[in-house]
Amino acid sequence: KIMKKIIRNLGYVVVFAWTFSACSNENKQNDAAENKPDLNESAEEVNDKKFDNPSEADAKFVTEVADINYAEIKLGELAQAKGMTNDVKELGKMMVTEHTKANSDLMALAQKKSITFPEGPSNDAISTYNSMNDLKGDDFDKKYCDKMVSGHKDAIDKFEKAAADCQDADIKTWASSMLPALRMHLDHSQKCEEMVKKMN
């Protein structure tokens, strides 16, 4: 009986500890971007010391694009989980698939050029993800589509500049080769945005 009582009490302790840990982790999640090192900035700092201009600018382009890819992948996963419409879910699925491949190709290129590649998303990307995760229903769908439109417009501008200005021929060629896919992503995002607007 004493042994059973001890085991039962230990069970209560474990449950309490798990519950406390879960609540604590949920509270800490909102502060994750502030409390952890910025992986994108860390990679950029290493590259700044490693390269001189103009190679430094090429390395910065690589790390910035890596962060775009990480962000698109995480938000795409979120869209598949939280999207209210099939259009949003399908857009999210496409973003995960294509930006995962783009990031894999970019990582291989970075290794070839001895460019330090970020190990994960920047704190800004994490913060954006957390704020999107707080949204529900139509609010999420609208915000996601809007973000995909504005984000891809910015990305196209960045890639067009890199395709014209990058000093490294391989990085320049890769940036140029990605533009058709990015323009297609923008087109899909704009169509999704229009569909969501019609439903509200």
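A search of the whole structure, which is a predicted model, finds two cavities of 30 Å³ or more. A cavity here is a set of points, on a 1 Å grid over the protein atoms alone, where a 1.4 Å probe fits but cannot get out. The largest cavity holds about 50 Å³ of space, a volume being the space filled by probe spheres set on the points, which are joined across faces, edges and corners. Its lining consists of Val 65, Ile 68, Asn 69, His 99, Ala 102, Phe 159, Trp 174, Met 178 and Leu 182, where a lining residue has an atom within 4 Å of a point. Two or more of these residues come from each of α4 (55–82), α5 and α8 (169–199); helices are DSSP runs of H or I with at least four residues, numbered from the N terminus. By class the lining has seven nonpolar, two polar and no charged residues.

Residues are numbered from 1 along each chain as its sequence is written. In this predicted model local features need pLDDT of at least 70 and side-chain atom pairs count only at pLDDT 80 or more, while totals for chains, interfaces and linings use all residues; side-chain values use heavy atoms, with hydrogens and water left out.

Pockets come next. A pocket is an open set of points with protein on both sides within 12 Å along at least five of seven lines. The largest pocket has a volume of about 530 Å³. It is lined by 23 residues, and Asp 67, Ile 68, Ala 71, Ala 125 and Thr 128 are the closest to its centre. At least two lining residues are supplied by each of α3 (39–50), α4, α6 and α7 (137–165). The classes in this lining are seven nonpolar, five polar and eleven charged. Ile 68 also belongs to the lining of the largest cavity.

The second largest pocket has a volume of about 210 Å³. Twelve residues line it, with Ala 57, Phe 61, Lys 161, Ala 162 and Cys 166 nearest its centre. α4 and α7 each give two or more residues to this lining, and the largest share, five residues, is that of α4.

Cys 166 is buried, at a relative accessible area of 7%, since buried means under 20%. Cys 145 is likewise buried, at 0%. The structure holds zero disulfides, a disulfide being a pair of cysteine sulfur atoms within 2.5 Å. For Cys 145, the nearest cysteine sulfur is that of Cys 192, 3.0 Å away.

Notes: Nonpolar A, V, L, I, M, F, W, Y, C, P; charged D, E, K, R; others polar. Buried < 20%, exposed > 50% of the residue type's maximum accessible area, 1.4 Å probe, protein only.
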